[in-house]
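Dear colleague,

I am handing over the structure below, and I would ask you to keep it open while you read. My notes on what was found in it follow directly after.

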Amino acid sequence: MTWEIFKFELKYRWKRPATYIYFAIMFLLPFLAAAWDQLTIGGAAGQIKENAPHNISFMMLIVTAIPGLLLAAGIMGTPIIRDYEHKTSSLFFTTPITKYQYLTGRFLGSFVTALFVFSGIVFGMALGHLSPWVDPDKLLPFSLWNYLHPFFAIALPNLFIMSGIFFMGGALSKKMLVVFTQGVGVLVLYIISSQFISDLDNQTTAALMDPFALGTHDFVTQYWTVAEKNSQVVPLEGLLLSNRLLWMAVSLLALIATYFFFDFSASKKSKKQKAEAKTNDDPIRIASSTIIPEVTQHDGLATNIKQMFGMSWFYFKWIFKQVPFIAILTAGILIMLSNAQNWGKVYGIFRLPTTYSMLELIQTFNLFFIIIIVMYTGELIWKERDVKMNLIYDALPYPNFVTLAGKFFAMIYMFIALLSILMLTAIGVQVMSGYTDFQIGLYIKTLFSDTLSFLLLFTFLGFLFQSLTNHKFVGHAVFVLFFISTLIFGQLGIEHRMFQFGSTGLGSFSDMNGYGHYLPTFSWFNVYWFGFAGVLFAIALLFSTRGAETGFMMRLRKSRLRLTKPLLTFTLFSIMVFAGSGCYIFYNTNIKNEYTNSKETEKSQADYERTLKKYQDIVQPKITDVYLEVDIYPRERDFEARGTYQLKNKSDETISQIHLQYSSDKNVTNTVEFGTDATIKEAFDKFKYYIYELKKPLAPGDSLQMDFVTKFDTKGFVESGSNTEILNNGTFFNNFYFPTFGYNDGIELGDDDTRKEQDLPEKERQRERTDPIGLAQNLITDDSDRLNLEVILSTTPGQIAIAPGYLQKEWEEEGRKYFHYKMDEPILGFYSIVSAEYEIAKDTWTRENGEKVNLEIYYHKGHDLNLDRMMKGMKNSLSYFSKNFSPYQYRQLRIMEFPRYRSFAQSFPNTVPFSEDMGFILDIGDDDIDFPFYVTAHEVGHQWWAHQVTEANVKGNAMLSETMAQYSALMVMKETYPTEMMQKFLKFEMNSYLRGRSREQKKEQPLELVERQGYIHYRKGAVVMYALQDYISEDSVNVALQRCIKDWAYRDDQYITSADLLGYFRDVTPDTLQYLIKDMFETITLFENRAKEATYSESGDGYLVDLDISSIKYRADSLGNETPIQVNDWIDIGVYGEDEDGKDKILYLQKHKINEENMNFKIKVKEKPTKAGIDPINKLIDRNPDDNRMKVSLKEDF
Amino acid sequence: MDLQISNLSKTYPNGVQASKNVNLTIPVGMFGLLGPNGAGKSTLMRTIATLQEPDEGTIMLGDLNVLTQKHEVRKVLGYLPQEFGVYPKVSAAVLLDHLAVLKGITNSSERKEIVEALLIKTNLWEDRKKNLGGYSGGMKQRFGIAQALLASPKLIIVDEPTAGLDPAERNRFLNLLSELGENTIVILSTHIVEDVKELCTNMAVINKGEVLLTGTPSEALENIKGKIWRKQILKDQIEQFKNTHNVISERRSAGKPIIHVFSDLQPGEGFTAVEPDLEDVYFSEIFGKKATVV
């Protein structure tokens, strides 16, 4: 009998077009993603191939999760509901089949159908990858196994999991809405777990909790290298296996519950109905004697508006009673609260829950807003028809617009209520964190302008789709297609905001600059889109359904009658608003400013390289002196710089041509004048590249003066990417706005995939370490070695303007404020100009010789939370570095805050611009890493590592400046804070390094040849340098650095490389440890250290720990292919006990020679041991750091 | 004020001709539109109720053109569609109030008054706070008439209101209809002859989109007086009689078939003349066209 029902179900499904449409979706999406560059799912890029097994399983997971969830709900939720809706249930229930047969038959039939649908993924993806037009360079040899394994290991379980849950929901509730609500629930679990997975402490729980195993998949492969991603299927073991088993068990339980709770009798409902029907049998006499009163029937606009609002209120209440709505709302709030757990965390530290940060948290609700809009525009448009009251409504005397506008206002009420709830939730989050600066005004301003307008615009769109399609689900589908099409539009180069529906471009908020210059753009685009939406509304109105005939042609016929005068006026008005604001926007973005889409920009970059690369290595004079007068106009976001360069021919060739490269910023214009006669020989206006011919060539050793005026003129507003450096408050820019000399390879396209599209060969990221040209340039610029700087800045009163150098004079003149700065020694050609309203915190640091150095922090009013930490960072760093490296070269050190549009701190001579986001707003707890202290120490470190010792412009140079700044910061931190904090910090660094190399797109370099790879020069650098000083002692490292500084500081004839630095390290490293230099700097070396067994027994007055360990050492190539090599290393063996507080306490920690893979150690300790292991503090790079130590158990006697 | 339907025709895209040159004059009072399922009653009713466009023809309500002055017509219209639903989670009082606003009764005290009166009138007062989802079929139908009576309409259209009601509910419903004002045009469409018999002053029989008969019930009865014959027959004789006689209806009495035959003359042995009722009028109009053959 089960078989019969199964067959019946299958036959039914086989006849349904939906089955094939679903299959088509599951086929096409992966097919397009695999075969078409414009649609990407997953992470193939650079060296990771399109059909890499890791990428295949990742794509499969996404497809099973996102469209899959919806389709699984549609297929698995419906079979029982269908019987109820078609009222065939009682037919079934009266036949002699059992509940078991009925349920299993229906379930299996539907499941097989779903399996058919989901199998589309495999076919789609495989065929996509096999398509002849896919670039073979992006593919590995085809292997069916790579598709089948993840399908059976991940996709199929996902289907089964969803099937069990949805089948239960449908069978027990008989309501599709319940099934969809379950779907939202599943999504919520996924989102919550994906949030927790980024938290280093909760990863395992999160990996188990994810019903789709998306996060699990990500987690178990987080340290996979390119080579592994290209060669291995993600094995069904460990956490992934546990996750699958756990969720399949949940699904099975759901099915069992379905069997037990499913009511298999038809009688119950009819009894209830009878009972109700009885309630009103006796007509009451007064009924007939009641006279129906005469009433006044009103008409006209005022009445219609009342009717409209009556309707809005009615539907608003209706929405708020909807279970799915409440479910979505609850889900969204849950996700928000769960996100709040990790919101804005950096190195495990919370950012202050400022109002703008909470507003960004609220944006995590956006997905739910979209779901609500798609669902409820459909529900509202269809409401009367769904409950079959449409004919009653349609015959009532109100004009058409009342319904549509009424429903629109119902949505507005709903949004206002929602936004208020979200705002209160966010305030709740703030209160819970003890933060009370609520900025209600900012909440209201943002939520009820930016967020609300986004919601309203998409509501208009939803109404239009529903009205035109006149089919609820088609309307939904069109909406979804619309979202997909916007993605593709962008890929096709149609990226102008004027074509991105609803895009208004409100940038992020900064305490310093507010919404600043984004407001005009935002306002104009809103006017534009609301004008457009007005037209949509009119169309929706014209085609809306009223009456019994709903065919499109009939509505088209009626629409002519409906185009009444008021509607026509409204439409024309909307068109005028749309077109008028559109013209104004276009005038601003495309005429006043230049607009290029990203493809055009890429092409122009490629053209630059093709046209001018030939000039790359031509000899140019170097700047030796800079005199600048810069007038900053913060309100207009303009500046004018009048400057003089002294140029000197430092080469032994005569220079007859000066190649000027002006800033590619489109707001910048330049004029130059040379101290001698010069004419433009060739002008490349497109690239702002000009070749001047000097009448009198510049002989070696000769000098030349060049005067220039650089104007930065902000004109109207731009389409996107508005300049975030020249601002109303918080201007911070550097000298690269001024003229530079010669070809700038920084303009070249860097990404190899993009280069290939532009027919350019692959490109090395930096010059080789032996490249003589690179060796003759410093890391910053080849325009100068060291130069003398004098700057006079002017700005509006109320702001303070700062450049590197000592303040000579400060005055006011003609309503402007002037600052005169001068450096008394040559600096690198890298200087910053800053202007903002500042509060100042001042302190001094005293040198050993008693000289005072002024310390200043220029900060935004109210951002004083972490000033002490930064001040302490400056002092401790200056002390440590002066003592252990060399004296500090300046008499002052200043930190200046700048807005959070950019998130970094940067070290200029005695001047450190520091982002609002990097430390000013962190809420640092007692056990947290002192992040502002660390950043400060790192930047102060650069005063030595860059500004004293300057590296060449070749591979590996960041090992000088960045890795040494990291080391410097680590040592100051080590001196200031307890070891636990260091270990916590290094754990983050290790994790960032391992994850970073897993995302490498070109090649992982050893540290000594790092090519601008942050995960190597910062993260691996920190880990490695900490280990180095642990092995050879801090003093030895510092001695090496002292020697290095002594030989290399302030040189401008030659620049240092990592090879030079390694020489100093070698010199201080004992012979037995020389291998470290190779492991740490010259190769990519990893360990797989593991504690295998640890027991203890009491022995005499102490304990004897018996520890089995294993250790494997690997060398990895640039793609992460690993080769085991003989281990012959000194590695920590450690034993831990517990202190009074139950915290770990080191009882034993010694380096032992490890020269076999498996070894045994017997260690005597005095106190009771709790844990033991190899490299327990994770000094060495190890992809499974957690198995290095284990609990020690009492040895059992035999 | 009459409702004047002239030359109304409508063919659906699928080819079904729902109205064929319909001409009707419907005066004030209760008008019964009688016809079997699928006769085109609902199409006609919906067209009068401004919800549908005819291909040809005009409908005038007094001086209002129903097809172009829809808004004006809707102001004086009460419409109860054949099949309708309700918001299950909304109470009768709330929904009626909501509909009253849309009917233009924006003065809240007036609205309250009329909503209360209609709920009492339709005997829903006790259940006014109950969600409509819990209403029985009859209660729902009474709610339907309550909403149709909002704002004292001049034209009330009730489409098959008694279908599916049990006898008690049907009675109660017809009582309610019978009380509707004398100044109102009430069009009641039904396929149940009894409904018309009990209530209507005028009637029309419609089938396959065509009006077969119009007039008062008594005129209609007069027309067929003496032409309806009755005979009790055996079960297996039905087909035979259908071939030889103009059988307009067959009923059963104590399990034995009784046929009614339309005929100007005595149709044969065993037939007795009967006093025709409206049902005979109805069936003879629908099945009786062959009458002249005999």
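In what order do the four strands of the open sheet in chain B stand, and is the pairing parallel or antiparallel? The order is β2-β1-β4-β5 in chain B, and the pairing is antiparallel, where strands (DSSP runs of E, at least two residues) and helices (runs of H or I, at least four residues) are numbered from the N terminus, and two strands pair if DSSP finds at least two bridges between them. Because β2 (17-26) and β5 (64-65) of chain B stand at the edges with a single partner strand each, one side of each is left without a neighbour in the sheet. Strand β4 (residues 56-61) of chain B is joined to β5(B) by two bridges, and B:Met60 stands opposite B:Asn65 in β5(B).

Before going further, please note that this is a predicted model, in which local features need pLDDT of at least 70 and side-chain atom pairs count only at pLDDT 80 or more, while totals for chains, interfaces and linings use all residues. Residues are numbered from 1 along each chain as its sequence is written, and chains are lettered from A and ligands numbered from 1 in the order in which they are written.

Chain B as a whole has ten helices and 14 strands, and its C-alpha trace spans about 70 × 45 × 35 Å along its principal axes. Of its 294 residues, 51% count as buried, that is, with 20 or more other C-beta atoms within 10 Å of their own, the C-beta atoms being placed from the backbone.

Where the chains meet, the contact takes 48 residues from chain B and 39 residues from chain A, two residues being in contact if their C-beta atoms, placed from the backbone, lie within 7 Å. On the side of chain B that touches chain A, the elements that each supply at least two residues include α3 (92-102), α5 (137-148) and α6 (167-178), whereas the largest share, seven residues, comes from α4(B).

In chain A, helix α18 (residues 366-386) has a kink of about 40 degrees centred on A:Leu380, the bend at a residue being the angle between axes fitted to the seven residues ending there and the seven starting there. Just after α18(A), A:Lys388 takes a positive phi of about 60 degrees. Finally, the C-alpha centres of domain 2 and domain 5 of chain A lie 59 Å apart, with domain bounds that come from an automatic or database domain assignment.

With best regards

Note on methods. A residue is buried if 20 or more other C-beta atoms lie within 10 Å of its own, exposed if 12 or fewer, and partly exposed in between; C-beta atoms are placed from the backbone.
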